[in-house]
Amino acid sequence: MARKRGRGVAGCWYGIARTATVDRAGAWAEIDDGGTAKIVTGVTEIGEGILTVLAQIAAEELGVRPQDVTIGDNDTARSPEAAHAGATRQTYMIGNAVAVACREARTKLVDVIAQHWDVDRELICTAAGEIWAEGTNHRMDMEAAVVLCKQRGVVPVGSGSFGTDTTGLDPVDGSGRPWQAYVFGCQVAEVEVDTLTGEVQVLGIWAAHDVGRAVNPRGVEAQIEGGIVQALGQGLMEDYRTQDGHTTTPNFAKYILPTSLDVPRVTSVIVEDPDPIGPLGVKGIGEPAMIPTIPAVMNAIYDAIGVRITALPATPERVLAAIQEKAARQPVAAE
Amino acid sequence: MPDLTIAASVNGRRVSKSAKPHQRLLDFLRDNLNLTGSKEGCGAGECGSCSVFVDGVLIKSCLVPVAKAQGADIETVEGLARSGELSVLQKAFHKTGASQCGYCIPGMVMAATAAIRANPFVGNEEIKERLGGNICRCTGYQKIFEAVELARDVLNGRLAATALAEDEQEDGRFIGANVRRLDAPSKVSGALKYAGDMVMLGMLHMAVLRSPHAHARIVSIDASEAEAMPGVEGVITCADVPGEDGFGVYVHDQPIMARGKVRYVGEAVAAVAAQDEVTARRACASIKVHYEPLLAVFDPEAAMRPGAPVLHDYAPDNLTKHIPIRVGDVAQGFADSDLIVEESYSTQQVEHAYLEPEAGLAYVDHDGVVTIVSPSQNITHHRHMLSRIIARPINKVRFIMSPVGGGFGGKEDMIYQGMLALMAMKTRAPVRLVFTREESIIATAKRHPSRTTLKMGLSRGGRIRAVEMKMICDGGAYGLSTEGVVRKAAILAAGPYAVPNVKIDTYGVYTNNTPSGAFRSFGALQAQFATESHLDICAEQLGLDPFEIRRINAMRDGATSHTKQRLKSVSYLRALDVAEQASRWEKGAPTARGDVRGDLGGDGTRAPCALGARFDDGTTPKSQSEVA
């Protein structure tokens, strides 16, 4: 049979936020007119959905709804520093900073309303645009609460800063605390290898990843699915080549990317092991999602045809050459 | 050639507009009609971001000369939600979270619309086929398939329209809820403006002259012809840098434009701003640069040898960074091992291939603030660096993030924003630069290619006694993120395993190749590819199930990492258990037993592709299994 199937597994770990240096992020929050909210922070949405994540965090922390939240994003002259979009850091660093800022803004509002109702501030609850005092008949919507707050001369604003307790590495033995949060994951790949052409198709990936606490599970899945397909590209087809420094793959006709026909079915399972340090328990997923894919696929290729690919990518040419080399070594085993 | 007058129907409205004969339909839509929902991703018909309907047929508008649009009926993404309400398909994209960076999405929406129009009962396999000409770099396509299937079923009546509604959260708990992406409507409708979609009154267009040499001394640059060209408003070289030139994520070794010598093919040497893009490119081509070629080095190991050509004076050994990790005594660990396995691994250079090529817009505002709008992943750091480079106080430098059409680490480097700033300062006019796909590929960073040797010693029972790894990463011509990449690679190289003896050395090396930089998973991918492949080789020799060998060695809560950090909570065992269960893994040593496995082909797998088998005649609805 020309088509052979196999399965492989690989694990991973990853550090969250900047490596071996102190990371930090700042944010401002305001419970705004109409019971809406304004968050300003130097966040950079690069497609992962961080704006929605921050709106969810702000909504829950303040007691409004995500669609009521307006986010003022990255502008170095207008927003507080939240540093860069990378290192799987935005949900962790900026998410926690936004939570801290929201808690301060909420406290300002709650103090006024508690005084107004003459109740203990601990009794005050806020959720989805409503504010009430537990165990009493006191209740109003957030819009009215903001009006009342402003009538008392208080604008409910807050600021938040979140930083890490991390260190550089020792230059001799590398010891240090490069991150304060770590995530772990594991993926299983199922492949089919065409032994006549060397083509590998990845048919299924099962991906289990610890993300701390999933703010938006669908968004986490989307990161896992996208990461896996990007890794599959590197594992099987993508290959930027140069000849004496001149690229020979200058466009998408030569530099081959995964398309809708190349992708496996992905089954994501989210593992939640909350971060014990940050206020939200969140960690991250952007980068670790793609780490186990390639070795899982290479282990699956080995399972299918007994050939170990150690040089990426596992193009049909390379797989075929490895099959032929194996057959030459073991002529009896060849089919 | 004289200008054309194009009369056509666009989104149901008659338009009659002047066009240049060299324009493509995509340019006409974007530049002449301000319909910027159609995006340019490659300019060569490869990516599908510019897909529109012409006379009802889905086409790639970057391949169509504008003259062909004469009298045509054109429908763009802006036409789908003309009433102000998103189309069913657009709502489905919103519901399933099918958009991420959003840059490919207008084209994807058009291709998916075409699929459903062609066949209201389009099968799942046919959907894949019909989207095959549209590249998405973020989503992995799965949520896009889900969106198209959902829209198909709402449109053909199998599902009620309520299926498109957002799941309600009644308790006010939004952390943990599948809240729909707030930015999705702007992305699925093409309304969101990326930097390359933005215009300002009096805006100039910039083009960049790039090095044709991998390593050469610049003897002279003569731009007099370019400067004299009608329509040219400014030419800049490194001589226009007023401050301390140099940028990079760790070491500031890269000048805004080549200074004294070029170190890679594609490095910026000079730039021209003109009233239109064609003039800017023509003027660029007229700049005469006299180069004196130098010996170049393309192999990182060759670059590490004494006598190799030196790229940067500060690093006579071409070493960007070396990171050592030491735990215990590996010699003793190997002596105590029953099995020692040694293998070499290598990974290639990889392009980020975000669908949005680099673009930016710069101007000097009314308060004299040098302002740069660009899809950068790190404008905080860019501001610091640029303030020093242009010798202005930090509050006179402003970076504004434009929507990022994919980054993956590739937009962390300040590779063009400095040129934009200098040109805006020189011309006192807004200046825009949009990279071509080819320019994006040759000029910007790649994932570090790596060469790794890994030696692992284990006990008969599968316990790892020692790990020794050496990894050499080709950082290319400039430092960019190399230092961080080799650091992260080293820290994570031995995997989430308790190993008593560890010796890891990672090296970042300068060569005259395209620079390497930040790329999603940043060195950890290269290192763990080696370690996780290696564990399976060891498991086979020890007769252990691959999950088992990982469990035996997995770090537990309170473990000490290879950098001697005590970890509080370690969820690795949980992740292993969950993956094993979800995949219904059949236990056994990895002895190439694919032929005899009993766990293949079940839930969670797709059918393999068989060429030409996916299109049916479009009349009968079929389930996925029937099509497969």
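1. Strands E5 and E6 of chain A, the latter covering residues 130–133, run antiparallel and are joined by four bridges. Strands here (E, at least two residues) and helices (H or I, at least four) are DSSP runs numbered from the N terminus, and two strands pair if DSSP finds at least two bridges between them. Cys125(A) stands opposite Trp132(A) in E6(A). The two strands make a hairpin with two residues between them, and Ala128(A) in the turn has a positive phi of about 50 degrees.

2. This is a predicted model, in which local features need pLDDT of at least 70 and side-chain atom pairs count only at pLDDT 80 or more, while totals for chains, interfaces and linings use all residues. Residues are numbered from 1 along each chain as its sequence is written, and chains are lettered from A and ligands numbered from 1 in the order in which they are written.

3. E6(A) also pairs with E7(A), antiparallel over three bridges. Trp132(A) stands opposite Arg139(A) in E7(A). Five residues separate these strands in a hairpin, where Gly135(A) in the turn has a positive phi of about 80 degrees.

4. Together the three strands form an open antiparallel sheet in the order E5-E6-E7 of chain A. E5 (124–127) and E7 (139–141) of chain A are the edge strands, each with a single partner, so one side of each has no neighbour in the sheet. From one strand to the next the twist averages 15 degrees.

5. Helix H3 of chain A, residues 142–151, packs on the sheet and touches E6 and E7 of chain A; its direction makes about 90 degrees with that of E7(A). Axes are lines fitted to C-alpha atoms, for helices over the stretch in contact, and angles run from 0 to 180 degrees between N-to-C directions.

6. Between the chains, 122 residues of chain A are in contact with 125 residues of chain B; contact means C-beta atoms, placed from the backbone, within 7 Å. Elements that each supply at least two residues to the chain A side include helix H1 (50–62) and helix H4 (217–236). E1(A) gives the most, with 11 residues. That side divides into 57 nonpolar, 41 polar and 24 charged residues (Ala, Val, Leu, Ile, Met, Phe, Trp, Tyr, Cys and Pro count as nonpolar, Asp, Glu, Lys and Arg as charged, the others, Gly among them, as polar).

Note on methods: Two residues are in contact if their C-beta atoms, placed from the backbone, lie within 7 Å.
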